Each structure stands twice: as C-alpha cells, then as structure tokens.
Amino acid sequence: MRALIQRVKEASVTADGEFSGAIKQGLLVLLGVAPEDDAEIGAFLAERCATLRIFEDEAGKMNRSLLDIKGSMLVVSQFTLFADTTQGRRPYFGNAAPPQLADELYEKFKADAAKFVPVACGKFGADMQVTLCNDGPVTIMLEAIRNASGKISLI
C-alpha cells in the first residue's frame, strides 16, 4: 500500500462535480492499494501517517505529528500510484489492486485513520478534483508491505 502524503495548510476534494470533503491544517493522503495488501497493512500505514513527525515545533524543526497539532487528514484513492512507466510512453496500471479490493481497503484505511484524527475523503472511483495549499512544501511517499517473514514494514 502506498500513501503519498502532503503536509497542507488546507485541502479539499470534489467528486463527480460535487463537494466531497475538506480539511484545514493536516495531511492530504493519496492512497494506492496493491493486490497483495490487506487490512492489517492499511492499519499500520494509517497509524504511521497520523504519527509521522513532519510538522514544525517552536524551533522550526519537524518534530510534531498530526496528532500533536490536532490536524486532520484528507484521504483520496489514487490507483495511479502503482503506475508502471518502464515500457513505452503509456502507463500500465495492472499493478494496482482490483477495484473491489481497493475500495474495501480504502474504506478500512479511512476508518483506521479516524481512530487517530478527523478524516475527510474523496469518493472511490469517482472523477475527482483536489485543491490544496502544500505547506513547506513537504511531500513524502510511504509504502508498507508484508515481508517474507510476515512482518509489516515500510520500504
């Protein structure tokens, strides 16, 4: 599972032309799901997003988490995070999870993230427009996998 996170001053999303969600200070999380992902990987990644220390403290150091600043999370499904561009000029998206699994794990990720912080969201599978004010800018890619021994970790 991949999460491209952006520290934002504010962000909003419309889905199929209708307002879907908005946040003030917090994280915009673009979430991609792979076929081998499961709910446990999503829970691990949701907790990591909420607790990653990428917000500045009084000294200007990235030392605070989303929890510390009492921020929010805007979660938007993003299968294109699994684009393979190694062949030709047209991206291949076959490395993304099938829609039914991706939707299920997207919903579970949002529920897990909501255990930590307020969550707003886009609409799975919809045509979405995302507006944001990136703060910093700070943009970080997190990818969680289950390794051969069964342990979940970031790569």
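How many of the residues of β3 are buried? Select β3 and check: seven of its seven residues are buried, so this strand is mostly covered, where buried means under 20% relative accessible area, exposed over 50%, and partly exposed in between (1.4 Å probe, protein chains only). Strands here are DSSP runs of E with at least two residues, helices are runs of H or I with at least four, and both are numbered from the N terminus.

Before moving on, two notes on the ground rules. This is a predicted model, in which local features need pLDDT of at least 70 and side-chain atom pairs count only at pLDDT 80 or more, while totals for chains, interfaces and linings use all residues. Residues are numbered from 1 along each chain as its sequence is written, and side-chain values use heavy atoms, with hydrogens and water left out.

**Stop 1**

Pick Ile5, and you will find Val29 of β3 opposite.

**Stop 2: the nonpolar cores**

Show side chains next. A nonpolar core is a set of buried Ala, Val, Leu, Ile, Met, Phe, Trp, Tyr and Cys residues joined through side-chain atoms within 4.5 Å. The largest one has 30 residues, and Val29, Met73 and Phe109 have the most contacts inside it. Two or more residues of this core come from each of β1 (2-15), β3 (26-32), α1 (39-51), α2 (66-69), β6 (72-77), α3 (99-113) and β8. Another core, of 13 residues, lies apart from it and includes Leu74, Leu81, Ala120 and Ala126.

Centre on Phe109. Which residues does Phe109 contact, leaving aside neighbours within four places in sequence? They are Met1, Val29, Leu31, Gly42, Leu45, Ala46, Cys49, Met73 and Val75, with contact meaning heavy atoms within 4.5 Å.

**Stop 3: aromatic pairs**

Select the aromatic rings. Rings of Phe, Tyr and Trp (its six-membered ring) pair if their centres lie within 6.5 Å; planes under 30 degrees apart count as stacked, over 60 as edge-to-face and the rest as tilted. By this rule there are two aromatic pairs.

Phe79 and Phe93 make an edge-to-face pair, at 5.1 Å centre to centre with 75° between the planes. Both residues lie in the loop between β6 and α3, so the pair ties together parts that are 14 residues apart in sequence. Phe93 is partly exposed, at 33% relative accessibility.

The other pair to display is Tyr106 with Phe124, which is tilted: 6.0 Å centre to centre and 40° between the planes. Tyr106 sits in helix α3 and Phe124 in the loop between β7 (119-121) and β8, 18 residues apart.

**Stop 4: cysteines**

Select the cysteine sulfurs. A disulfide is a pair of these atoms within 2.5 Å, and a search of the whole structure finds zero. From Cys121, the nearest cysteine sulfur is that of Cys49, 15 Å away. From Cys133, the nearest is again that of Cys49, at 20 Å. Cys121 is partly exposed at 21% relative accessibility, and Cys133 is partly exposed at 35%.

**Stop 5**

Asp16, in the loop between β1 and β2 (18-23), has a positive phi near 50° though it is not a glycine. Lys70, in the loop between α2 and β6, also has a positive phi, near 55°. Asp16 is partly exposed at 46%, and Lys70 is exposed at 72%.

Then go to Pro137 in strand β8. A cis peptide bond joins Gly136 and Pro137, with omega about -5°.

Finish at Ile145, also in β8 (residues 128-146). Ile145 is partly exposed, with a relative accessible area of 27%. Not counting residues up to four places away in sequence, Ile145 touches Ile41, Lys151, Ile152, Ser153 and Ile155.

Definitions and conventions. Two strands pair if DSSP finds at least two bridges between them.
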